[in-house]
Amino acid sequence: MFQIILAIHLVIAFILIVLVLLQQGKGADAGANFGGGGSSQSVFGSGGSNNFMLKMTSVVAVIFFITSLALAYLGAQQAKGYQSVVQKPAAEQKTTDSDTNEPVVPN
């Protein structure tokens, strides 16, 4: 389940990056007001692309946040079963082999 949500999260992150990069900045309209560049008609109509891109970015951002929270929750659930080295009792931690006094190499 974690891997599926992670894959969805990565795809959504890529889509979000593309959507943000495709949007025009606020200063791009100032050039058009003074007769500069481009036609007023586009695939989405005049001014229609801004609303469409804003809505799509908002939807993708919400999905990104939901997958982020889901990954955090699942990661916390998986981490509950593990103990850190600091939490383990000293009797369980074995640093040297008692027979040869050589350090134990973990497998």
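## Model and confidence

F64 is partly exposed, with a relative accessible area of 21%, where partly exposed lies between buried (under 20% relative accessible area) and exposed (over 50%), using a 1.4 Å probe and protein chains only. This is a predicted model, in which local features need pLDDT of at least 70 and side-chain atom pairs count only at pLDDT 80 or more, while totals for chains, interfaces and linings use all residues. Residues are numbered from 1 along each chain as its sequence is written, and side-chain values use heavy atoms, with hydrogens and water left out.

The protein has a mean pLDDT (the predictor's confidence in each residue, from 0 to 100) of 77, and 56% of its residues reach 70 or more. Among its elements, helix 1 has the highest mean pLDDT (94) and helix 2 (residues 28–33) the lowest (59); helices here are DSSP runs of H or I with at least four residues, numbered from the N terminus.

## The two sides of helix 1

In helix 1, the buried residues are I5, H9, I12, L16 and L19. They cover an arc of only 90° around the axis, so they lie on the same side of helix 1; the arc is that of the directions from the helix axis to the C-beta atoms. On the other side, Q3, L10, F14, I17, L21 and L22 are exposed.

## H9 and the phenylalanines

H9, which sits in helix 1 (residues 2–22), has a relative accessible area of 12% and is therefore buried. Apart from its neighbours within four places in sequence, H9 is in contact (heavy atoms within 4.5 Å) with F64, T67, S68 and L71.
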